[in-house]
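Please study the structure shown below before reading on. The explanation that follows moves from whole chains to a single residue.

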Amino acid sequence: MNTLTDRYLAATLRSVPAPRREEIATELRASIEDMIEGRAAGGQDTTTAEREVLTELGNPEQLAARYADRRLQLIGPTYYLVWQRLLKLLLSFVPATVGVVVGLVEATAGDNAGGAIGAGIVAALQVAVQIAFWVTLVFAVLERTNPSLRLPEWSVDQLPEAPVERQICLPDTAAAIVFLVLFAGYLPWQHFHSWVSDDQGGNLPILDPALWSSWLPVLLAVLVASVALEVAKYRAGRWTWPLVAVNTLLDLAFAVPVAWLLLTDRLLNPDLVERFEWLRQGDNLDTVATVTVVGATLVVLWDIADSAIKAYRNRA
Amino acid sequence: MVSDEILRTHLQELRRGTVVVASLVALRRPDYGYALLQRLSDHGFPVDANTLYPLLRRLEDQGLLTSEWNTEESRPRKFYRVSDSGESVLRRLLADLAAVHTSMTALIEGADR
């Protein structure tokens with residue numbers, strides 16, 4: 001005999017602590033039979049009554065949890081905020097640090113620069129998953145074992161400073177610095193690893209190598225100064241007129257030499273121009289130079305105008 | 001106009017604590033699970049079976065109820081009744097319930113003025 005009630009009891013008792021299982025079984029069976037009888041007395045047939053009673057009692061696992069006073073949550077309100085804070089703290093720097101270290105090791109020891117970035121990202125992701133899993137596991141165990149942890153009480157002294165309204169926020173600054181560093185790194189990089197090769201399969205720099213003894217160091221210095229400007233901008237939190245002036249100066253210090261070199265055909269490596277027939281034909285090279293200069297001029301003008309407008313808005 | 005959902009949650013919150021008080025009062029006279037369920041709902045305290053049965057066991061674990069098996073009837077039944085400590089807890093709870101009622105009445109009258 002294996003009635004629905006038997007099955008329901010078995011399902012419920014499976015997750016009830018063993019010492020009380022038998023007693024609960026007897027009592028619950030009697031209660032269920034009482035309930036069925038009560039419905040049958042109202043004129044229902046017993047099969048329907050049984051179904052309805054068991055449906056009313058609901059999911060057996062939930063009932064068992066109520067009997068065992070067990071929590072139906074992974075991490076409850078006691079630990080949730082601590083869990084969240086710890087997780088945020090760890091995830092904010094550990095995966096990135098590990099990723100960078102692994103990437104650097106791969107790049108130096110493995111002699112595989114392209115693979116290094118991938119290896120770094122994979123390592124960072126793995127570390128992030130591991131951190132999330134283990135921290136959550138520890139708190140889930142705490143939630144269930146319920147030790148009397150003396151977690152520090154919250155006090156008003158922990159209140160953070162109210163955020164100042166910033167024009168320049170951290171992600172923008174970080175993005176700008178990363179871009180500047182990558183760009184500055186690309187200048188020497190292209191000398192050794194450009195995407196073009198010469199007739200013998202050797203590397204063909206994109207920029208004229210002669211510039212290394214003249215303008216390229218200046219451009220690199222301007223890029224480094226731009227990084228410093230980004231930092232200063234972030235510390236100020238907003239555009240000020242001195243920042244606008246320095247920004248304008250640095251923009252021009254970069255754009256004017258580049259435009260002038262481009263227009264006088266001294267920026268690109270002559271061997272590179274030689275290699276691409278299309279560049280040599282007619283006015284093609286001049287057209288490329290003109291379009292680039294016009295585009296750069298617009299970008300610079302926009303940047304200067306944008307900074308000036310923001311500084312103007314900040315006037316007291 | 002608030003939704004039925006919101007109203008139902010608030011009613012549930014309001015009723016939650018009264019189930020324990022009502023059960024303790026009812027069990028001044030010994031009774032078993034299903035009969036108690038019936039009595040409570042007859043007196044306007046509709047309780048879900050899956051809430052009441054585990055609750056009785058919890059109150060027993062806390063020492064507020066004592067129990068005794070009755071095997072004379074057609075099926076064995078566990079009869080619960082209020083213990084001495086359960087009775088003193090119940091008195092405190094009833095006093096508090098009365099205090100809540102008094103305060104609420106005073107508040108309502110005060111608001112009318």
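This is a predicted model: local features need pLDDT of at least 70, side-chain atom pairs count only at pLDDT 80 or more; totals for chains, interfaces and linings use all residues.

**From two chains to one residue**

Chain A contains 12 helices and zero strands. Accordingly, its pattern along the sequence reads α-α-α-α-α-α-α-α-α-α-α-α.

Chain A has 316 residues, and 12% of them are buried. When contacts in chain A between residues at least 6 apart in sequence are considered, 65% of them join residues at least 24 apart.

Chain B is built from four helices and three strands. Chain B comprises 113 residues, of which 21% count as buried. For contacts in chain B with a separation of 6 or more, 39% are between residues 24 or more positions apart.

Thr12(A) belongs to helix H1, which covers residues 4-13 of chain A. Is Thr12(A) buried or exposed? Thr12(A) counts as buried because it has 24 C-beta neighbours inside 10 Å, and the term applies where 20 or more other C-beta atoms lie within that distance.

Which residues are in contact with Thr12(A), once its neighbours within four places in sequence are left aside? They are Leu28(A), Pro60(A), Leu63(A) and Ala64(A). Consider Leu63(A) in particular: Thr12(A) and Leu63(A) are 51 residues apart in sequence, while their C-alpha atoms are 6.8 Å apart in space.

Technical notes
Residues are numbered from 1 along each chain as its sequence is written. Chains are lettered from A and ligands numbered from 1 in the order in which they are written. Helices (H or I, at least four residues) and strands (E, at least two) are DSSP runs, numbered from the N terminus. Two residues are in contact if their C-beta atoms, placed from the backbone, lie within 7 Å.
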